[in-house]
Amino acid sequence: MTRKPIHLAAHFPGVNNTTVWTDPSSGSQIEFDSFVHLARTAERGLFDFFFLAEGLRLREHRGRIHDLDVVGRPDTFTVLAALAGATERIGLTGTINTTFNEPFEVARQFASLDHLSEGRAGWNIVTSSDAFTGANFRRGGFLAHADRYRRAEEFVTVARKFWDSWAPDAVLADAEAGIYVNPDGIRSVEFQGSQFDVRGFATLPTGPQGHPVLLQAGDSDQGRAFGARFADALFTLHGSLEDGQRYYADVKGRARSYGRDPNQLKVFPAATYVIGDSDADAHDKAHHIRHQQVSGATAIGMLEQIWGRELSEFDPDGPLPDFDPVVESDITQGRVRHGDPVAVARRFRERAQAEKLSIRELVIVVTSREQFVGTASHIADEIDRYIQADACDGFILVPHLTPHGLDEFVDKVVPLLQERGAYRSEYPGTTLRENLGI
């Protein structure tokens, strides 16, 4: 039986309850050295790509800037372009929104990154109908929620037209004339739809990969359909083995229904990890880390997002509120309210009662990503088990410390994965597509 290869990627920690800001070994979230260290560590571990999220507006809670937000993080394209000169083989993937940008501009930026990095660019496509974020832009939050994937589909379609518009003979080399452009090799881009009306030309040749690798994260029916149709890889939160297998089978089946080879669509859940000298040591560390990540104030803030009102009078080590949430609330801006708040609150109460959990304990449980906790050998076994059981094709690892949180994994777990014969000992190619096997 052929063993599936393991793929790994590294997420630069950011605005979430994974990052531990108060740890003495925690470094800067915005200094370039932090980005360089994490990217080079991932490259040393032969990871497929480095993943950088995007923030278009500082989030707010109870009318103030959310105190766990990253204030001052540089622009995604700027960081990735700079990392192209600081790394050699690892893919460089960034989140760019389809609601608040234009196809020509994004196509040009990713083509530029693909050229600068010699074929290592990747785009994580996200959609939004968030009027709060939109207030930072000239158009504002005009997009109806139902239109966000319609816009994304047109956006990607137009971007692809720009990437495909330079034929191979558009750039020619001549012994006497040198490098020159053949105008006959450049096709015009024309598209008319409900979201875009575009007529023009791409301003630079197709990148080394043809198209940058396309990632997508979205778990709704629309999101899964969009990803199965357009994406090369999916970023998912379905981390448990059983949930992962169901998601994996669903999106691979959808890809097949669009006439695609399902092996050309890679699935990457996000995962954290805690490595210990023994299983007991690792679980003690994990318990300490989760309580660092979710303070009492953080737990109450999370609960206020669900309940839609101030809950500062509640003890984080006490029980949940016994009243229902406010259905319409703007107490938190820039964050998702997790669906129907009344239904979420009901599930929270049922779980807290069944497991005798306080507010803080409940928030720790419900906000945990899939975690690999144990010795390096145990973690290597578990990662391999998930891949071979078709729960995913790889993992996007989210360290809890910046920028050194990945070091221990690369030093201790990667060699064990290589010994098991399912992880590479060198990069198979020079482009991100080659290294992903797509």
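This is a predicted model: local features need pLDDT of at least 70, side-chain atom pairs count only at pLDDT 80 or more; totals for chains, interfaces and linings use all residues.

User: How far apart are the C-alpha centres of domain 1 and domain 2?

Analyst: Domain bounds here come from an automatic or database domain assignment. That assignment gives domain 1 as 7-164 + 197-277 + 369-436 and domain 2 as 295-366. The distance between their C-alpha centres is 29 Å.

User: What span does helix 1 reach from its first C-alpha to its last?

Analyst: Helices (H or I, at least four residues) and strands (E, at least two) are DSSP runs, numbered from the N terminus. Helix 1 covers residues 32-44, which is 13 residues. The expected span is 1.5 Å times one less than the number of residues, and for helix 1 this gives 18 Å. The helix in the model is close to that, reaching 18 Å.

User: Which elements are among those that cover the buried residues of helix 1?

Analyst: Buried means under 20% relative accessible area, exposed over 50%, and partly exposed in between (1.4 Å probe, protein chains only). The buried residues of helix 1 are Ser-34, Phe-35, Val-36, Leu-38, Ala-39, Thr-41, Ala-42 and Glu-43. Their cover, judged by contact (heavy atoms within 4.5 Å), includes strand 1 (7-11), strand 2 (49-52), helix 2 (76-84) and helix 13 (407-419).

User: Asp-114 is buried yet has no salt bridge; which side chain does it join in a polar contact of 2.7 Å?

Analyst: A salt bridge is a side-chain nitrogen of Lys or Arg within 4 Å of a carboxyl oxygen of Asp or Glu. Lys and Arg count as positive and Asp and Glu as negative, while His and the chain ends are not counted; the nearest side chain of opposite charge to Asp-114, which sits in helix 3 (residues 103-116), is Arg-433, 7.3 Å away. A polar contact is a pair of N or O atoms within 3.5 Å; within protein, one must be able to donate a hydrogen and the other to accept it, and residues adjacent in sequence count only if both atoms are side-chain atoms. At 2.7 Å, the partner of Asp-114 is Gln-209.

User: How many residues apart in sequence are the parts tied together by Glu-102 and Arg-151?

Analyst: The closest N and O atoms of this salt bridge are 4.0 Å apart. Glu-102 lies in the loop between strand 5 (91-97) and helix 3, and Arg-151 in helix 5 (residues 148-163), so the bridge ties together parts whose separation in sequence is 49 residues.

User: How many salt bridges does a search of the whole structure find?

Analyst: Some are linked in a network, namely those of Asp-219, Asp-221, Arg-224, Asp-250 and Arg-254. Another salt bridge joins Arg-351 and Glu-355 at 3.0 Å, N to O. The search finds 23.

How values were computed
Residues are numbered from 1 along each chain as its sequence is written. Side-chain values use heavy atoms; hydrogens and water are left out.
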